[in-house]
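Please open the model in your viewer and keep the selection tool at hand. The stops below are meant to be taken in order.

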Amino acid sequence: MRVRIARDLCVGAGQCERLAPGVFAQDDHGLSRALTGTPPAGQWPGVHEAAGLCPVGAVLVTEDGTADRAAPDDRRETP
């Protein structure tokens, strides 16, 4: 499984970082980003909870590593 943030949807609610701080972080603009696309097994419960609680559906979890929607690279910083 893989995880990423759809930065075009992210509103900076911060639920993901609170639920899985080793996987997600907010940048200087307050938008979330994934620190890793493949978290360790012990962090997946928080990742799944973050995906379920994200108010805009910006946390994308996929089984095979392909995005379930077109999303910009979550590691790229925004201006």
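A residue is called buried when its relative accessible area is under 20%, exposed when it is over 50%, and partly exposed in between, with a 1.4 Å probe and protein chains only. This is a predicted model, in which local features need pLDDT of at least 70 and side-chain atom pairs count only at pLDDT 80 or more, while totals for chains, interfaces and linings use all residues. Residues are numbered from 1 along each chain as its sequence is written, and side-chain values use heavy atoms, leaving out hydrogens and water.

Select Asp-27 and Arg-7, which form a salt bridge whose closest N and O atoms are 2.6 Å apart; the term requires a side-chain nitrogen of Lys or Arg within 4 Å of a carboxyl oxygen of Asp or Glu. Asp-27 counts as buried because its relative accessibility is 10%, and Arg-7 does so at 7%.

Next select helix 2, residues 44–53, where Trp-44, Gly-46, Val-47 and Ala-50 are buried. These residues lie on the same side of helix 2, because they cover an arc of only 160° around the axis, taken from the directions from the helix axis to the C-beta atoms. Turned away from that buried side is the face that carries the exposed residues Pro-45 and Gly-52.

Finally, select Val-59 and display its contacts (heavy atoms within 4.5 Å). Leaving aside neighbours within four places in sequence, its partners include Val-3, Ile-5, Cys-16, Phe-24 and Val-47.

Technical notes:
Helices (H or I, at least four residues) and strands (E, at least two) are DSSP runs, numbered from the N terminus.
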